[in-house]
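Subject: Structure handover

Dear colleague,

Here is the structure I said I would pass on. My notes on it follow below.

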Amino acid sequence: MRSLLPLILLTALSLYALFSFAGDDTPDALGCVVDEITSNYRCETGPLAGREFMSAEEARATLEADAEKKAKDKEDEAFAATYTVPLKLMSWNFNSIGTKRFEYDRIAQILSEADFIVMQEVEFSANGETSLTVIADILSRRLNQRICKGWFKNSVGGRARHAFLWKDKVISYVEKNGSIADRCPDAPVVIRIDGSKIDPNEPYMATFFLKTRRQMFNAVSIQLGKKPKKAAKEITAVFAKLSQLPWPAVVAGNFKVGAGDKAFTESKRLNFKPVMARSGGATSNVWTKNLNIVHAEAVDLHERFSDLKPVEVDQTISDFPPILAEISFSAEEADALRMQLVKRSARGTKTAAKGKLKSAPAKPMPAPLPVHDDLEKEAAD
């Protein structure tokens with residue numbers, strides 16, 4: 001009888017283990033059971049729900065591997081968080097915005113993605129200045145934060161057709177005497193131009209302070225009226241002048257020549273880099289010096305506002321795609337942020353692949369903000 005005790009105990013333990021991990025009605029701590037037909041370890045609930053394994057050991061190993069991956073992802077995100085968020089810059093030709101009428105809220109939706117906006121061909125008439133002001137006001141209400149605006153004036157009151165918009169909590173304007181404004185005024189910042197001449201082909205520049213980084217930078221807007229007859233000579237002259245700027249610089253606008261043109265050979269030698277080197281010959285771009293490019297794209301307005309017909313997008317929003325660029329002041333920071341973008345993109349691709357099985361409902365467009373002040377009514381009319 002004594003010799004049978006070990007056998008009886010072993011059998012009892014085996015039966016206990018069997019009934020602990022088998023049977024559709026006996027899920028373990030992972031929410032998994034042994035499938036009676038396939039004998040596979042099938043997880044119905046818990047962190048491994050919907051997955052099937054050959055054994056409990058394989059399931060637990062997978063759970064551990066998943067936990068390690070999540071921990072590594074958190075470490076990566078924490079690492080990226082130690083770096084300053086990049087400067088999000090947008091360049092947009094204002095003259096191309098709302099050629100028939102303005103979809104103010106949609107325009108503000110696009111502009112809200114940037115911390116700093118450079119606008120070219122701003123027509124300072126009743127329509128131009130009023131529309132720019134209305135857009136800034138709507139943007140401010142949309143984001144619930146102060147939006148600053150600035151434009152250029154010469155000594156006799158003439159205005160260059162360039163303007164800046166920026167988020168006050170992120171950026172400050174730097175006066176010519178070097179003082180940094182803690183807060184922008186309610187009225188537009190007037191950036192003074194020396195002399196009385198307004199040359200439409202000149203670059204117009206100002207100095208700003210990135211608060212999150214405590215870093216000065218120069219912002220330049222340019223819009224050549226037509227393709228230069230001697231592009232290499234004229235564009236080289238522009239960048240030679242800008243190469244003397246004291247701080248890292250962004251140069252946004254339209255040069256009427258694509259980034260791959262030999263006209264930019266000397267500019268590149270002066271260490272200016274286009275944010276979109278492969279822009280398919282597009283003449284509008286953003287060039288940087290002593291800065292690092294994290295990401296850049298021409299915003300596809302037709303895709304963004306697919307609820308409108310393409311012609312409606314062109315006439316009420318813009319027939320010209322704005323350029324959105326993320327820029328960093330540190331090469332190490334840019335590398336880390338680019339890795340984060342790659343990871344987010346990979347996750348988005350997986351999500352999209354899953355979505356093919358069951359497509360998610362389209363998100364409704366945000367309702368337009370009400371027109372409730374005299375300035376906005378005037379511009380809307």
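Which residues in helix 5 are buried? Ala231, Ile235, Val238, Phe239 and Leu242 are, where buried means under 20% relative accessible area, exposed means over 50% and partly exposed lies in between (1.4 Å probe, protein chains only). They sit on the same side of helix 5 because they cover an arc of only 90° around the axis, the arc being that of the directions from the helix axis to the C-beta atoms.

Before the rest, two notes on the source. This is a predicted model, in which local features need pLDDT of at least 70 and side-chain atom pairs count only at pLDDT 80 or more, while totals for chains, interfaces and linings use all residues. Residues are numbered from 1 along each chain as its sequence is written, and side-chain values use heavy atoms, with hydrogens and water left out.

Helix 5

Helix 5 runs over residues 231–242, which makes 12 residues. From its first C-alpha to its last it reaches 16 Å, close to the 16 Å expected at 1.5 Å a residue; the expected span is 1.5 Å times one less than the number of residues. Helices (H or I, at least four residues) and strands (E, at least two) are DSSP runs, numbered from the N terminus. The buried residues of helix 5 pack against several elements, among them strand 10 (204–210), strand 11 (215–223), strand 12 (249–254) and helix 6 (265–269). Strand 13 (272–274) and strand 14 (284–289) are also packed against by these residues.

Disulfides

The structure holds 2 disulfides, a disulfide being a pair of cysteine sulfur atoms within 2.5 Å.

- Cys32 and Cys43 form a disulfide with their sulfur atoms 2.1 Å apart. The link is right-handed, with 95° about the S-S bond. It joins distant parts of the chain, with Cys32 in strand 1 (residues 32–34) and Cys43 in strand 2 (residues 41–43), 11 residues apart. Cys32 counts as buried at 0% relative accessibility, and Cys43 counts as buried at 3%.
- Cys148 is joined to Cys184, S to S 2.1 Å. The torsion about the S-S bond of Cys148 and Cys184 is about -80°, so this disulfide is left-handed. The pair links distant parts of the chain: Cys148 is in strand 6 (residues 147–153) and Cys184 in the loop between strand 8 (171–174) and strand 9 (189–192), 36 residues apart. Cys148 is buried at 1% relative accessibility, as is Cys184 at 5%.

With the bonded cysteines numbered in sequence order, the pairing is 1-2, 3-4.

Aromatic pairs

Rings of Phe, Tyr and Trp (its six-membered ring) pair if their centres lie within 6.5 Å; planes under 30 degrees apart count as stacked, over 60 as edge-to-face and the rest as tilted. By this rule there are 18 aromatic pairs. Phe116 and Phe217 have ring centres 5.5 Å apart and planes at 80°, so the pair is edge-to-face. Phe116 lies in strand 5 (residues 116–120) and Phe217 in strand 11, 101 residues apart. Phe116 is buried at 0% relative accessible area, and Phe217 at 1%. Ring pairs link both into a cluster with Phe152, Phe164, Trp166, Tyr173, Tyr204, Phe208 and Phe329.

A loop residue

Gln145 lies in the loop between helix 4 (126–143) and strand 6. Gln145 is buried, with a relative accessible area of 14%. Leaving aside neighbours within four places in sequence, Gln145 is in contact (heavy atoms within 4.5 Å) with Ser140, Lys167 and Lys169.

Regards
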